[in-house]
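Subject: Structure handover

Hello,

Here is the structure we spoke about.

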Amino acid sequence: TSSPSGEVTEQSGASSPFLRSLYLFFNPTVQGARNTYNTLLKDIHKNTPDGARRRRTALVALTGAFALYAASRAFGGDDEDYGNRTDNLATATVSRNIPIWIGDRYIRIPVPFGAPAVLWNIAVSVSRFASGSMTAPEAALHMMQGAAEHTVPFPISQVDVAKDPSFWFMK
């Protein structure tokens, strides 16, 4: 039997060779997008054991992401002039890493690619919006950018779309 990611690579459209020549990691990115879709969305609306399992898995992972970000905010502490130190870290840094504060410094734990990163970005965006360090449009854009980075089969700019949308779309 073939795996879901194998199903994607076994089928080839007329433009696949051309796209692979432009972007070296086209096929692995398509496979990753398929796996992310299967993990987060496939059959999630159906009242089947598989759909229920996917809903539980996503809910547990999202709850864990919220807890990790809340812990990072708590251990990061507040700066008198600038507010919470975790909220002041660059969006690109926090979208790919979990900051763990040790005194005045932090270490970065990389977030796994795919569904965990999408859920982590949702937790970061909602948490930053709730704390007032991000507006609702910025949070929505950050969630869309995070989802696009893990599901679109071509490179996405690391520049925050809310800060410089023209650069992000022109890359």
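The model is predicted, so local features need pLDDT of at least 70 and side-chain atom pairs count only at pLDDT 80 or more, while totals for chains, interfaces and linings use all residues. Residues are numbered from 1 along each chain as its sequence is written, and side-chain values use heavy atoms, with hydrogens and water left out.

H4 (residues 49-76) packs against H6 (residues 115-131) at about 50°, and their axes are 9 Å apart. Helices here are DSSP runs of H or I with at least four residues, numbered from the N terminus. Axes are lines fitted to C-alpha atoms over the stretch in contact, with angles from 0 to 180 degrees between N-to-C directions. The angle makes H4 oblique to H6; oblique is what remains after under 35 degrees (roughly parallel), over 145 (roughly antiparallel) and 65 to 115 (roughly perpendicular).

Residues in this contact (heavy atoms within 4.5 Å) include Ala58, Leu62 and Phe66 of H4 and Trp120, Val124 and Arg128 of H6.

Arg128 also has a side-chain polar contact with the side chain of Thr91, at 3.5 Å. A polar contact is a pair of N or O atoms within 3.5 Å, where within protein one must be able to donate a hydrogen and the other to accept it, and residues adjacent in sequence count only if both atoms are side-chain atoms. Thr91 is in helix H5 (residues 91-96) and counts as buried at 15% relative accessibility.

Arg96 is also in H5 and, at 34%, counts as partly exposed. Buried means under 20% relative accessible area, exposed over 50%, and partly exposed in between (1.4 Å probe, protein chains only).

Regards

Conventions: Helices (H or I, at least four residues) and strands (E, at least two) are DSSP runs, numbered from the N terminus.
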